[in-house]
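Subject: A structure for you to look at

Hi,

Here is the structure I promised to pass on to you. Please open it and keep it on screen while you read my notes below.

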Amino acid sequence: MAIPERRTTADGFELTFGTNHLGHFALTGRLLPALLRAKAARVVTVSAIASRWRSGELVDVASEQTYRPMRAYAMSKFANVVFTQELARRGGDTGLVAVAAHPGVSQTNLTREVPRALAAINLLLRPILFQSTDRAALPSLYAATHPGLTGGEFIGPTGRGEGRGAPGPVRLPSTATDPEIGRRLWELSEGLTRVEYQFLGDLWPGGNRSNPER
């Protein structure tokens, strides 16, 4: 989060986008055959409140040269939610449930690189807005275990400003459900990672997902 200067992963991707989105995309794709064989597979992708900061402005932050730390972070977190929506669309009729979650606001070392002004504000607001790391883990646990989730939900603290409070469904970032944005991110991610998702093919001969034994 908020790495001061532009850095890259071993594969040459911008570090924030590569770590927070592309790595998740590639790992989930590699695990997909096992997920589709499971009786009740669920993929939980952890996003952030920051996913709403730049909603709808999907750009190729993996390769662009103009770098702004908090913008890169917000875009990576928006990508987490868009990825979840698109995974739910593409894999919904296989039984795979895809859910996004955000932890609210908690004081961890994630914020060690944020600008000094923002760090000072965080310090002042900590008693009011911040929750413990144990409480911050609850939305992810809810997303992973709640039996009522069917896919595509966004789970977070339900208190004021979603900074703290009991976990539950919260509003999705604007435009995160747009199929065109989902398609663009998916194609970009496949092209960069060279990981393609196979929902049929090798798993079920004949490609009939409704009748695996055919």
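This is a predicted model: local features need pLDDT of at least 70, side-chain atom pairs count only at pLDDT 80 or more; totals for chains, interfaces and linings use all residues.

Which residues form one aromatic cluster? They are F25, F83, W186, Y197 and F199.

Residues are numbered from 1 along each chain as its sequence is written, and side-chain values use heavy atoms, with hydrogens and water left out.

**Overview**

The protein has six helices and four strands; helices (H or I, at least four residues) and strands (E, at least two) are DSSP runs, numbered from the N terminus. Read from the N terminus, the order of elements is α-β-α-β-α-α-α-β-β-α. The protein has 214 residues, and 44% of them count as buried. Here buried means under 20% relative accessible area, exposed means over 50%, and partly exposed is in between (1.4 Å probe, protein chains only). Among contacts with a separation of 6 or more, 74% come from residues 24 or more positions apart; a contact means heavy atoms within 4.5 Å.

**The sheet**

Strands of a sheet pair through backbone hydrogen bonds, either parallel or antiparallel. In this protein, four strands form an open sheet with mixed pairing, in the order β1-β2-β3-β4. Two strands pair if DSSP finds at least two bridges between them. At the edges are β1 (42-46) and β4 (167-169), each pairing on one side only. From one strand to the next, the twist averages 30°.

β1 and β2 (residues 97-101) run parallel and are joined by five bridges. Along them, R42 stands opposite V97, and V46 has A101 as its bridge partner. β2 and β3 also run parallel, with two bridges between them, and there A100 stands opposite F154 of β3.

In a regular strand the side chains alternate between the two faces of the sheet. How many residues of β2 are buried? Five of the five are, so β2 is largely enclosed by the rest of the structure. V97, V99 and A101 point one way from β2, and A98 and A100 point the other way.

Helix α5 (residues 138-145) lies across β1, β2, β3 (154-157) and β4, at about 160° to β1. For such angles, axes are lines fitted to C-alpha atoms (for helices over the stretch in contact), and angles run from 0 to 180 degrees between N-to-C directions.

Now turn to α2 and α6, whose axes come within 9 Å and cross at roughly 100°. The two helices are therefore roughly perpendicular to each other. That term covers 65 to 115 degrees; under 35 counts as roughly parallel, over 145 as roughly antiparallel, and the rest as oblique. Among the residues making the contact are F78, V82 and F83 of α2 and I181, L185 and W186 of α6.

A search of the whole structure finds six aromatic pairs. In the pair of F83 and W186, the ring centres are 5.9 Å apart and the planes are at 25°, so the pair is stacked. F83 lies in helix α2 (residues 69-91) and W186 in helix α6 (residues 179-193), so the pair ties together parts that are 103 residues apart in sequence. Both F83 and W186 are buried. As for the cut-offs, rings of Phe, Tyr and Trp (its six-membered ring) pair if their centres lie within 6.5 Å; planes under 30 degrees apart count as stacked, over 60 as edge-to-face and the rest as tilted.

**Two loop residues**

A48 sits in the loop between β1 and α2 and counts as buried at 7% relative accessibility. Leaving out residues up to four places away in sequence, A48 touches Y73, K77, H102 and F154. A48 and N80 are 32 residues apart in sequence, with 8.8 Å from C-alpha to C-alpha.

E162 is in the loop between β3 and β4, and E162 is buried too, with a relative accessible area of 12%. Not counting residues up to four places away in sequence, E162 touches residues including I49, R52, H102 and R171.

Enjoy exploring!

Best wishes
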